[in-house]
Amino acid sequence: MFNIVLVHPQIPQNTGSIGRMCVNADCKLHIIKPTMFEISDKSVKRAGLDYWHLLDVTVWENLDDFLEAHKDKLERFFFATTKTKKTYFEASFKPGDFLFFGGESTGLPMELMKMKWENAITIPMGKNGRSLNQATSAGIILYDAIRQNFETFKSTSWS
């Protein structure tokens, strides 16, 4: 239904948790290298538990390869970032959208987000917060996208 895109993920447990969420939400996961771990790393699979073999996942060698393969979908790229004031509440998600999340200590590359800056979105936080965990952020935004499209989600993914 949706595409989760992890650009240069650094923490295997977050990737595993997001993979498990993707299986449960009927989403495709895209992992863009370089990563700080091997995808076969047992901590990735441990966090994904027994879901990993059910995951629809593509590992891309680099961002350029991913962008070349999906250049016709740029209008539907959404970038989770702390560098904008536009909240994810203001986004209108559609099935098939690509939800991007950056590396845990680096975030998304600015040059990537500038490709469709109006789709840069943030999760509101209190004044003492700097950022949220990558897996938490992915869950918040993905499930709002599902909420917005629940009738479609219900008819295609749930019995």
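The largest pocket in this predicted model is lined by 27 residues, and A80, T82, G107, S131 and L132 are the ones that lie nearest its centre. By pocket I mean, on a 1 Å grid over the protein atoms alone, an open set of points where a 1.4 Å probe fits, with protein on both sides within 12 Å along at least five of seven lines, and lining residues have an atom within 4 Å of a point. Residues are numbered from 1 along each chain as its sequence is written. Local features need pLDDT of at least 70 and side-chain atom pairs pLDDT 80 or more, while totals for linings use all residues, and side-chain values use heavy atoms, without hydrogens and water.

The space in the largest pocket is about 510 Å³, a volume filled by probe spheres set on the grid points. Its lining divides into 11 nonpolar, 13 polar and three charged residues, with Gly counted as polar, and Asp, Glu, Lys and Arg as charged. At least two lining residues each come from β5 (98-102), α4 (110-113) and α5 (134-148), and α5 gives the largest share, three residues; helices here are DSSP runs of H or I with at least four residues, and strands are E runs of at least two.

Turning to α5 again, its axis and that of helix α1 (residues 12-25) come within 9 Å and cross at roughly 15°, where axes are lines fitted to C-alpha atoms over the stretch in contact and angles run from 0 to 180 degrees between N-to-C directions. The two helices are therefore roughly parallel, a term for angles under 35 degrees.

Key:
Parallel < 35°, antiparallel > 145°, perpendicular 65-115°, else oblique.
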